[in-house]
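Here are my notes on this model, point by point. Please read them with the structure open.

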Amino acid sequence: MNILTIKNLVENNTISSLEKMELKILDSIEGKNDISEEGDQLSNILAAKQIIEKAHENGTEVKTEIRLFFKGVRNIIGWI
């Protein structure tokens with residue numbers, strides 16, 4: 001996950017456009033052995049989708065949800 005990439009995705013896309021990106025990547029990996037780059041892209045897209053959804057659900061600003069998302073990620077990494 002890359003915070004700058006996720007922030008850019010959140011600021012410049014809708015859920016619908018992120019879902020289209022997600023499907024395009026999923027279609028492109030069929031039959032591939034090494035999908036590490038695509039996996040990174042999917043992680044960023046899925047994170048952006050979650051952040052936008054949470055902002056809509058909670059009525060909060062996207063920047064607040066970005067901060068909360070990465071706080072949760074740091075907590076998980078610290079727990080491991």
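1. The cover over the buried residues of H2 includes H1 and H3. Bear in mind that this is a predicted model.

2. Which residues of H2 are buried? They are Leu18, Glu22 and Ile25. They sit on the same side of H2, because they cover an arc of only 65° around the axis. An α-helix has 3.6 residues a turn, so residues three or four places apart point the same way.

3. The opposite face of H2, turned away from the buried side, carries exposed residues. These are Lys20, Leu23, Lys24 and Asp27.

4. H2 itself has 14 residues. From first C-alpha to last, H2 reaches 20 Å, close to the 20 Å expected at 1.5 Å a residue.

5. Ile25 lies in helix H2, residues 15-28. Ile25 counts as buried because its relative accessibility is 10%, and buried means under 20%. Leaving out residues up to four places away in sequence, Ile25 touches Glu38, Gln41, Leu42 and Ile45. Lys71 is 46 residues from Ile25 along the chain, and their C-alpha atoms are separated by 27 Å.

6. Now the largest nonpolar core. It holds 15 residues, of which Ile6, Val10, Leu18, Ala48 and Ile51 touch the most other members. Helices H1 (3-12), H2, H3 (36-58) and H4 (62-79) each give two or more residues to this core. H3 supplies the largest share, six residues. In soluble globular proteins, nonpolar side chains tend to be buried together.

7. Residues up to four places away in sequence aside, Val10 touches Ala48, Ile51, Ile52, Val62 and Ile66.

Conventions. Residues are numbered from 1 along each chain as its sequence is written. This is a predicted model: local features need pLDDT of at least 70, side-chain atom pairs count only at pLDDT 80 or more; totals for chains, interfaces and linings use all residues. Side-chain values use heavy atoms; hydrogens and water are left out. Helices (H or I, at least four residues) and strands (E, at least two) are DSSP runs, numbered from the N terminus. Buried means under 20% relative accessible area, exposed over 50%, partly exposed in between (1.4 Å probe, protein chains only). Contact means heavy atoms within 4.5 Å. A nonpolar core is a set of buried Ala, Val, Leu, Ile, Met, Phe, Trp, Tyr and Cys residues joined through side-chain atoms within 4.5 Å. The expected span of a helix is 1.5 Å times one less than its number of residues. The arc is that of the directions from the helix axis to the C-beta atoms.
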